[in-house]
Amino acid sequence: MQVTRSSDNSRPPYLLGLLGLIPLVGAFVGLGLILYGIFRYKDKWLVLIGAFGILFTVGVYTTLFAIGTTMSKSRSLFASLSQMHLNSLVKDVEFYKLQYGQYPDSLQEVPKDQLAPIHDPTQANIDEPMQTFYYKRVGDGYHLCSKGVDKVLGTADDLYPNIYLPDRSKVGFTRRAEAPGQQLPQ
């Protein structure tokens, strides 16, 4: 006696629904499962599993887009924070000169101040240690700036301290920073 199975009695491929958890691939598999569920197996669960695969892909890409948009907005917040720190840091560097008669060789020599940290928020990266603001002592003055969000010195997004003094001869800050092969105008 031979037992033959009819293809109509076969079980719907529910396990293919696991492929719905792979973004983009899940959308195509989900579409296939919906069509199989409607036309071949007439199974509402297979249709629901297929719809979930499509919705999961849409959800993943929507989330990634939202994260990307939020990160670009947060970069401008880091730039604002860097600007405030630079403005305060100039005061600390100038105070250092009053105390010791010369400007520090590096920002690490400046006394720690919570309102004027030496680390640049625009350079923050999870994988790397904190980077300090660009500082270079030059004769009787110094260069101080943030490299900006592109992390390259001498580009348009560099930030400089916003200071206003009627007599600039008493302050050693100069706006010129030397990038490799490039000098910025004062």
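Guide: A polar contact is a pair of N or O atoms within 3.5 Å, where one must be able to donate a hydrogen and the other to accept it. Keep in mind that this is a predicted model.

Visitor: Fine. Which side chain does aspartate 120 join in a polar contact?

Guide: Serine 146; the two side chains are joined by a polar contact of 2.5 Å.

Visitor: And where is aspartate 120 found?

Guide: In the loop between helix H2 (44-100) and strand E1 (134-138).

Visitor: Is aspartate 120 buried or exposed, and what is the nearest side chain of opposite charge?

Guide: Aspartate 120 is buried and has no salt bridge. Lysine 147 is the nearest side chain of opposite charge, at 8.0 Å.

Visitor: What else is aspartate 120 in contact with?

Guide: Leaving aside neighbours within four places in sequence, aspartate 120 is in contact with Ser82, Met130, Gln131, Thr132, Phe133, Ser146 and Lys147.

Visitor: Ser82, then. Where is serine 82, and is it buried or exposed?

Guide: Serine 82 is found in helix H2. It is buried, with a relative accessible area of 0%.

Visitor: Which backbone nitrogen does the side chain of serine 82 reach?

Guide: That of threonine 122, at 3.4 Å. Beyond four places in sequence, the contacts of serine 82 are Asp120, Pro121, Thr122, Phe133, Ser146 and Leu159.

Visitor: Back to charges. How many salt bridges does the count come to?

Guide: The count comes to one salt bridge. The side chains of aspartate 105 and arginine 137 meet in it, at 2.8 Å from N to O.

Visitor: Which parts does that pair tie together?

Guide: Aspartate 105 lies in the loop between H2 and E1 and arginine 137 lies in strand E1, so the pair ties together parts that are 32 residues apart in sequence.

Visitor: Are those two buried or exposed?

Guide: Aspartate 105 is exposed, with a relative accessible area of 52%. Arginine 137 counts as partly exposed, at 29% relative accessibility.

Visitor: Change of topic. How many helices and strands are in the chain?

Guide: Two helices and five strands. Along the sequence the pattern reads α-α-β-β-β-β-β.

Visitor: What order do the strands of the open sheet take?

Guide: Three strands form it, in the order E1-E2-E3, with mixed pairing. E1 and strand E3 (173-174) stand at the edges with a single partner strand each, so one side of each is left without a neighbour in the sheet.

Visitor: In which sense do E1 and E2 pair, parallel or antiparallel?

Guide: E1 and strand E2 (residues 141-145) pair in the antiparallel sense, over five bridges. In that pairing, tyrosine 134 stands opposite cysteine 145, and the bridge partner of lysine 136 is histidine 143.

Visitor: What about the turn between E1 and E2?

Guide: The two strands form a hairpin with two residues between them. Glycine 139, in the turn, has a positive phi of about 55°.

Visitor: On to packing. How many residues has the largest nonpolar core?

Guide: It has 20 residues, and those with the most contacts inside it are Leu89, Val93, Leu107, Tyr135, Tyr142 and Leu144. H2, E1 and E2 each supply at least two residues of this core, and H2 gives the most, with four residues.

Visitor: Take leucine 89. What is it in contact with?

Guide: Setting aside neighbours within four places in sequence, leucine 89 is in contact with Leu107, Ala116, Pro117, Ile118, Phe133 and Leu144.

Visitor: And tyrosine 135: which strand is it in, and is it buried or exposed?

Guide: Tyrosine 135 is in strand E1 and counts as buried, at 12% relative accessibility.

Visitor: Which backbone oxygen does its side chain reach?

Guide: The side chain of tyrosine 135 reaches the backbone oxygen of proline 104, at 2.6 Å.

Visitor: Last one. What share of the chain is buried?

Guide: Buried residues make up 31% of the 186 residues.

Note on methods: Residues numbered from 1 in each chain as written. Predicted model: local features only at pLDDT ≥ 70, side-chain atom pairs only at ≥ 80, totals over all residues. Heavy atoms only, no water. Buried < 20%, exposed > 50% of the residue type's maximum accessible area, 1.4 Å probe, protein only. Lys, Arg positive; Asp, Glu negative; His and termini not counted. Salt bridge = Lys/Arg side-chain N within 4 Å of Asp/Glu carboxyl O. Contact = heavy atoms within 4.5 Å. Pairing = 2+ DSSP bridges. Core = buried A, V, L, I, M, F, W, Y, C linked by side-chain atoms within 4.5 Å.
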